[in-house]
Amino acid sequence: MITVQEHLSRIVATVQRLPPIGLDLLDAQGCVLARDVTSQVALPGFRNSAMDGYAVYAADVAGASVTAPVSLPVAGDIAAGNTEALRLAPGQSMRIMTGAPMPDGADAVAPVEDTDGGLSRVTISARVHAGTHVREAGEDVAAGSLVMTDGTRLEPRQIALLAAVGTGEVRVTPRPRVVVISTGDELIEPGTRPGFGQVVDSNGLMLTAAVRALGCIPVRVGCVRDDAATFRSTIETQIRQADAVITTGGVSMGAYDTVKEVLSSVAAMRFDKVAMQPGMPQGFGVLGEHQIPVFTLPGNPVSAMVSFEVFVAPALRLMAGRPQRETPLVTAVAADAWTAPAGKVQFARVVLSRNGSAVRAGDQPGHTVSIAGLQGSHALGSLARANALAVIPAEVTSVRVGDQVSCHPLGPIPEAP
Ligand code: AMP
Ligand code: MG
């Protein structure tokens with residue numbers, strides 16, 4: 001038996017960030033940059049107005065107030081998109097729109113709200129200082145400056161900045177392509193009602209969806225019979241289009257445990273019992289010329305999901321150039337009592353909620369955790385109800401009401417009713 005940490009460490013030490021590719025900016029959403037980006041341009045690219053109003057010389061309206069307004073001739077009209085270089089003479093104004101280029105000479109904008117909105121002459125009833133409502137060229141991003149570093153994840157906000165500085169294609173770490181293979185003679189395709197002895201391949205859909213939710217590209221192969229030759233040829237074919245492979249089923253101690261039977265002869269594969277509940281039988285290694293990581297997860301649905309969260313997701317994030325963990329564990333107070341096995345880390349399916357208000361004035365509002373229902377490794381009902389896994393250390397054999405419990409969130413944490 002090895003520990004969860006030992007198994008995870010071996011996986012983390014084996015997988016590597018994928019080599020970079022070029023993608024159109026929008027197609028790179030969710031990927032991380034594979035190199036630093038320096039801007040060739042300044043942002044803003046030209047001096048422009050921050051308000052709809054009138055471009056002026058601040059000195060001309062230095063004495064303006066409601067009781068002593070200043071009247072100026074309006075020498076022109078500048079809309080956003082105007083590409084003509086204009087010059088404002090002292091003692092005059094130009095009507096200007098937000099984002100339009102400032103005329104040379106003008107050093108401030110009087111907002112339209114402080115004027116009568118005149119078209120040939122304007123009456124301004126509030127003073128402005130030099131620089132008021134003017135956006136200087138390069139005040140946001142200087143030309144030649146480093147705007148984003150290798151490893152930055154491209155969310156909508158980062159995509160906006162890269163687009164603004166003129167990026168068309170970006171070098172990024174690609175999303176890993178992950179092949180999902182389910183094994184078992186009992187399995188049938190989703191969408192059909194199972195007959196006696198048959199089981200729908202819920203793991204195949206669950207893992208495919210989990211891969212996609214992580215921002216990777218899933219390739220669901222479907223169900224493979226418990227037959228060594230079929231499984232061998234399936235994995236040999238699939239490995240050619242994959243950055244990683246996940247299998248479920250066939251790794252326990254039973255007869256017909258095909259995955260283990262076929263892959264245990266591969267030197268770079270290892271099958272272990274990991275001191276955890278659920279998810280004890282685990283296999284991991286690399287296959288093929290390109291040393292593709294292969295995760296052989298147990299078939300029990302809850303075991304498969306827990307294994308994905310604990311072992312596969314950290315590896316896929318690293319392959320995608322992201323941190324191994326992206327969300328912190330949450331400490332919560334147990335609202336239920338339950339038992340845990342000695343000598344194994346328990347990943348209990350729980351419902352985690354945020355307390356809306358602090359128990360005592362001045363305290364941070366905390367989190368509460370309750371058990372999600374039946375804890376068997378086959379129990380999909382409680383798995384679907386759960387929004388977190390409570391991580392109970394190997395030496396702890398019972399959780400009491402009021403205990404502090406460390407939780408691994410699986411989704412959003414709602415506020416307690
Ligand atoms: P195994 O790991 O192959 O011994 O399977 C353990 C349990 O998980 C059995 O009850 C299987 O029917 C079930 N199981 C295996 N694969 C799947 C799957 N793809 N979807 C749903 N249940 C599965
Ligand atoms: Mg099986």
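1. Domains. Domain bounds here come from an automatic or database domain assignment. On that basis the chain has domain 1 (4-18 + 175-319), domain 2 (21-36 + 148-173), domain 3 (48-135) and domain 4 (330-409). The centres of domain 3 and domain 4, taken over C-alpha atoms, are 62 Å apart.

2. Basis of the values. This is a predicted model, in which local features need pLDDT of at least 70 and side-chain atom pairs count only at pLDDT 80 or more, while totals for chains, interfaces and linings use all residues. Residues are numbered from 1 along each chain as its sequence is written, chains are lettered from A and ligands numbered from 1 in the order in which they are written, and side-chain values use heavy atoms, with hydrogens and water left out.

3. The largest pocket. A pocket is taken on a 1 Å grid over the protein atoms alone, as an open set of points with protein on both sides within 12 Å along at least five of seven lines; a cavity is a set of points where a 1.4 Å probe fits but cannot get out, and lining residues have an atom within 4 Å of a point. Grid points are joined across faces, edges and corners, and a volume is the space filled by probe spheres set on the points. The largest pocket has a volume of about 840 Å³. Its lining has 33 residues, of which Glu309, Arg317, His408, Pro409 and Leu410 lie nearest the centre.

4. Elements around the pocket. Helices (H or I, at least four residues) and strands (E, at least two) are DSSP runs, numbered from the N terminus. At least two lining residues each come from helix 1 (4-14), helix 3 (202-213), helix 6, strand 24 (345-354), helix 7 (380-385) and strand 28 (404-409). Helix 6 gives the most, with seven residues.

5. Glu309. This residue lies in helix 6 (residues 301-319) and is among those nearest the centre of the largest pocket. A salt bridge is a side-chain nitrogen of Lys or Arg within 4 Å of a carboxyl oxygen of Asp or Glu. Leaving aside residues up to four places away in sequence, Glu309 touches Pro314, Leu389, His408 and Leu410, where contact means heavy atoms within 4.5 Å.

6. The salt-bridge network. The count comes to eleven salt bridges. Arg153, Arg317, Arg322 and Glu326 are linked in a network. Within this group, the closest N and O atoms of Glu326 and Arg317 are 3.6 Å apart, and those of Arg322 and Glu326 are 2.9 Å apart. Arg317 is buried, with a relative accessible area of 11%, and Arg322 is buried at 7%. Glu326 is partly exposed at 35%.

7. A further salt bridge. Asp272 and Arg270 are joined at 3.1 Å, N to O. Asp272 counts as buried because its relative accessibility is 14%, whereas Arg270 counts as partly exposed at 38%.

8. The cavity. One cavity of 30 Å³ or more is counted. The largest cavity has a volume of about 40 Å³. Its lining consists of Gly30, Cys31, Val32, Thr173, Pro174, Arg175, Pro176, Gly215, Ala320 and Arg322. Arg322 also belongs to the salt-bridge network of point 6.

9. Cis peptide bonds. The bond from Leu43 to Pro44 is cis, with omega near -15 degrees. Pro44 sits in the loop between strand 3 (37-38) and strand 4 (48-49). Gln277 and Pro278 are likewise joined by a cis bond, with omega about -5 degrees. Pro278 is in the loop between strand 19 (276-277) and strand 20 (281-287).

10. Positive phi. Tyr256 has phi near 65 degrees, a positive value in a residue other than glycine. Tyr256 lies in the loop between strand 17 (244-248) and helix 5 (258-263) and is exposed, with a relative accessible area of 65%. Gln291 has phi near 55 degrees, also positive in a residue other than glycine. Gln291 is found in the loop between strand 20 and strand 21 (292-297) and counts as exposed at 51% relative accessibility.

Methods
Buried means under 20% relative accessible area, exposed over 50%, partly exposed in between (1.4 Å probe, protein chains only).
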